[in-house]
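Welcome! Please take a look at the sequence and the model first.

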Amino acid sequence: DYRKVPWLLRRHAITQVPSVNALVTLRALPARAAAGSGSGFAGIGDPIFSRAQMTALSADGTSVSVRGASVTVRGGAQVALRSAGRLDQIDSAELGRLERLPDTSDEVREIAAIFGAGSDVLLQASANEKEVKGRDWRRKRVILFATHGLVPGELNGLDQPALALTAPDVAGIDGDGLLTVEEILNLKLDADWVVLSACNTASGSVEGAEALSGLGRAFFYAGTRALLASNWPVETVSAKMITTGIFKRQAAQLTLSKADALRATMLDLIDAGEAKDSAGKPVYSYAHPMFWAPFSLVGDGS
């Protein structure tokens with residue numbers, strides 16, 4: 001029945017802006033200096049947060065067993081939430097307590113395939129601070145981070161919003177495994193947009209709102225024109241369908257705006273998306289807003 005609801009999305013593509021001044025500034029930015037050069041895409045995902053996770057990964061070469069957070073929906077189906085960690089149950093935690101997100105590797109690779117040869121893909125041990133902070137990203141039109149977003153206080157000593165990357169002892173580098181607001185400000189970007197997939201940076205709590213504002217402001221100052229983030233933990237399959245669907249649409253229709261690409265992909269999910277069991281029987285519909293409504297486009301949606 002959620003397919004029959006007259007959602008605002010049916011009539012309008014929606015873009016949020018931090019302020020009127022931000023909108024004016026974003027619209028006044030010059031065209032990308034690197035337009036037409038490079039592959040256009042960089043994806044960072046599936047960080048390894050502990051040696052134990054790395055050992056489990058090495059054992060089978062493809063995946064690691066983690067505690068999958070879930071909620072029960074009507075009908076008894078289990079919905080896997082890809083970015084729901086356990087940090088809300090404790091005052092502080094070490095980086096190794098974060099849950100790995102192995103399915104984000106497929107998401108990053110699929111989008112990289114859309115953009116073609118030359119895409120930069122940093123996964124698992126390569127998704128670390130040294131790699132991210134040491135590169136010049138100005139030739140990339142789209143940059144995707146598929147990892148956890150953290151708010152101040154969730155880790156010992158964390159006093160600013162951050163994105164979680166591979167643990168230093170796993171990557172064999174110095175650092176703390178976090179890409180903080182201060183470090184994001186020092187990145188060299190010239191991006192149409194940055195996509196924060198599978199992160200909790202835009203939750204409805206006060207801390208989450210501050211994190212989105214802080215991360216968003218940092219990425220804008222670093223050189224992006226728009227940011228895609230989620231307002232609550234996202235279900236893993238629908239999240240992948242949305243992020244990959246956006247870029248498939250833009251690849252097929254080069255003049256399609258970011259806001260319209262997001263809107264069309266969400267409507268596809270509402271109208272046709274279904275989760276099925278092993279026998280192929282539908283168990284729930286992606287028309288429910290918990291699956292598509294988390295995503296917000298902040299900045300210039302043109």
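What percentage of the 302 residues in the chain is buried? Buried residues make up 52% of them, where buried means under 20% relative accessible area, exposed over 50% and partly exposed in between, with a 1.4 Å probe and protein chains only. This is a predicted model, in which local features need pLDDT of at least 70 and side-chain atom pairs count only at pLDDT 80 or more, while totals for chains, interfaces and linings use all residues. Residues are numbered from 1 along each chain as its sequence is written, and side-chain values use heavy atoms, leaving out hydrogens and water.

**The chain as a whole**
- The chain has 10 helices and 13 strands; these are DSSP runs numbered from the N terminus, with helices being H or I of at least four residues and strands E of at least two.
- Among contacts (heavy atoms within 4.5 Å) between residues at least 6 apart in sequence, 75% join residues at least 24 apart.

**Helix 8 and its neighbour**
- Helix 8 covers residues 236-252, 17 residues in total, and reaches 24 Å from its first C-alpha to its last.
- Its buried residues include Ile242, Gly245, Ile246 and Phe247.
- At the start of helix 8, a side-chain oxygen of Glu235 comes to within 3.3 Å of the backbone nitrogen of Val237.
- The axes of helix 3 (residues 104-115) and helix 8 come within 10 Å and cross at roughly 5 degrees; axes are lines fitted to C-alpha atoms over the stretch in contact, and angles run from 0 to 180 degrees between N-to-C directions.
- Helix 3 and helix 8 are therefore roughly parallel to each other, a term for angles under 35 degrees, with over 145 counting as roughly antiparallel, 65 to 115 as roughly perpendicular and the rest as oblique.
- Where they meet, the residues include Ile111 and Phe115 in helix 3, and Thr243 and Phe247 in helix 8.

**Thr265 in helix 9**
- Thr265 is found in helix 9 (residues 258-272) and is buried, at 6% relative accessibility.
- A polar atom of the Thr265 side chain lies 2.8 Å from the backbone oxygen of Ala261.
- Not counting residues up to four places away in sequence, Thr265 touches Met241, Ile242, Gly245, Ile246 and Arg249.

**Two loop residues with positive phi**
- Most residues other than glycine have a negative phi.
- Asp46, in the loop between strand 1 (41-45) and helix 2 (51-60), has a phi near 50 degrees and is buried, with a relative accessible area of 0%.
- Gln124 has a phi near 55 degrees and lies in the loop between strand 4 (120-123) and helix 4 (129-133).

Technical notes: Expected span 1.5 Å × (residues − 1). Polar contact = N/O pair within 3.5 Å; in protein donor to acceptor, adjacent residues only side chain to side chain.
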